[in-house]
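Please open the model in a viewer and keep the selection tool at hand. The stops below proceed from one selection to the next.

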Amino acid sequence: MKKNFYIYTVLMSLLYLGVNAQTTDLDKLLSKYNNESVPYISVNELKDIKDQVVLLDAREKNEFDVSHIKNAKFVGYDHFKINTITKQNIPKDTKIVVYCSLGVRSEDISEKLKKEGYTNVLNLYGGIFEWKNKDYEVVDSEEKSTEKVHVCSKEWSKWLLKGKKVY
């Protein structure tokens with residue numbers, strides 16, 4: 001009995017360290033590319049309020065079509081135009097959550113929204129990869145649940161721990 005408890009404790013400690021190492025590495029990656037001008041929201045926080053926010057996907061169309069968070073609106077990155085948002089007459093104080101694969105491109109789009117006067121913009125920490133890593137649902141272009149997530153490249157694919165990687 002004591003031996004089983006010891007093994008359990010060691011395994012749980014290793015799991016905890018692995019999760020923290022992944023988080024620390026993601027912190028490093030995001031701090032390398034982002035200036036944190038837009039506050040982050042965690043996937044767990046978003047899960048609880050998802051139906052109360054405007055959710056914008058700042059990835060490219062081919063990524064969005066493979067999968068996206070349900071009810072997200074595609075806005076893109078390379079060809080993003082602020083008028084795609086402003087013409088929708090979204091009140092400037094509406095809570096908007098922007099996401100991409102990990103949270104880099106979404107910060108850029110979020111900054112453009114803030115510059116346009118949107119005051120309640122958040123960046124999804126870890127993006128759709130972290131969303132899927134928590135086993136939260138993603139849907140395809142027909143709004144059907146899927147395990148597939150577009151991972152952009154081999155380098156970025158290491159961040160997706162669950163689901164089926166699509167290149």
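Over the ring of which residue does the charged end of Lys-47 sit? Select Lys-47 and Tyr-136: the charged end of Lys-47 sits over the ring of Tyr-136, 5.2 Å from its centre. The criterion requires NZ of Lys or CZ of Arg within 6 Å of the ring centre and within 35 degrees of the ring normal. Select next Lys-92 and Tyr-118, where the charged end of Lys-92 sits over the ring of Tyr-118 at 4.7 Å from its centre.

**Conventions**

This is a predicted model, in which local features need pLDDT of at least 70 and side-chain atom pairs count only at pLDDT 80 or more, while totals for chains, interfaces and linings use all residues. Residues are numbered from 1 along each chain as its sequence is written, and side-chain values use heavy atoms, with hydrogens and water left out.

**The whole chain**

Colour the chain by pLDDT, the predictor's confidence in each residue, from 0 to 100. The mean pLDDT of the protein chain is 90, and 86% of its residues reach 70 or more.

In cartoon view, the protein chain comes to 7 helices and 9 strands. These are DSSP runs, helices being H or I of at least four residues and strands E of at least two, numbered from the N terminus. Of the 167 residues in the protein chain, 42% are buried. Buried denotes under 20% relative accessible area, exposed over 50%, and partly exposed the range in between (1.4 Å probe, protein chains only).

**Salt bridges**

Side chains of opposite charge can pair when their charged atoms come close. A salt bridge here is a side-chain nitrogen of Lys or Arg within 4 Å of a carboxyl oxygen of Asp or Glu, and the whole structure holds 7 of them.

Select Asp-57 and Arg-59, whose side chains meet in a salt bridge (2.8 Å, N to O). Both Asp-57 and Arg-59 are buried.

Move to Lys-61 and Asp-65, a salt bridge at 3.0 Å, N to O. Both lie in helix α3 (residues 61–66), 4 residues apart, about one turn of the helix. Lys-61 is partly exposed at 41% relative accessibility, and Asp-65 is partly exposed at 31%.

Glu-142 and Lys-144 form a further salt bridge, with the closest N and O atoms 3.5 Å apart. Glu-142 has a relative accessible area of 55%, so Glu-142 counts as exposed.

**Aromatic pairs**

Show the rings next: the whole structure contains 4 aromatic pairs. One of them joins Tyr-40 and Tyr-125, edge-to-face, at 5.3 Å centre to centre and 90 degrees between the planes. The pair links distant parts of the chain, with Tyr-40 in strand β1 (residues 40–41) and Tyr-125 in the loop between β5 (121–124) and α6 (127–133), 85 residues apart. Tyr-40 is partly exposed at 24%, whereas Tyr-125 is buried at 18%.

Finally, select Phe-64 and Phe-74: their ring centres lie 5.5 Å apart with the planes at 55 degrees, so the pair is tilted. Phe-64 lies in helix α3 and Phe-74 in strand β3 (residues 73–74), so the pair ties together parts 10 residues apart in sequence. Rings of Phe, Tyr and Trp (its six-membered ring) pair if their centres lie within 6.5 Å, with planes under 30 degrees apart counted as stacked, over 60 as edge-to-face and the rest as tilted.
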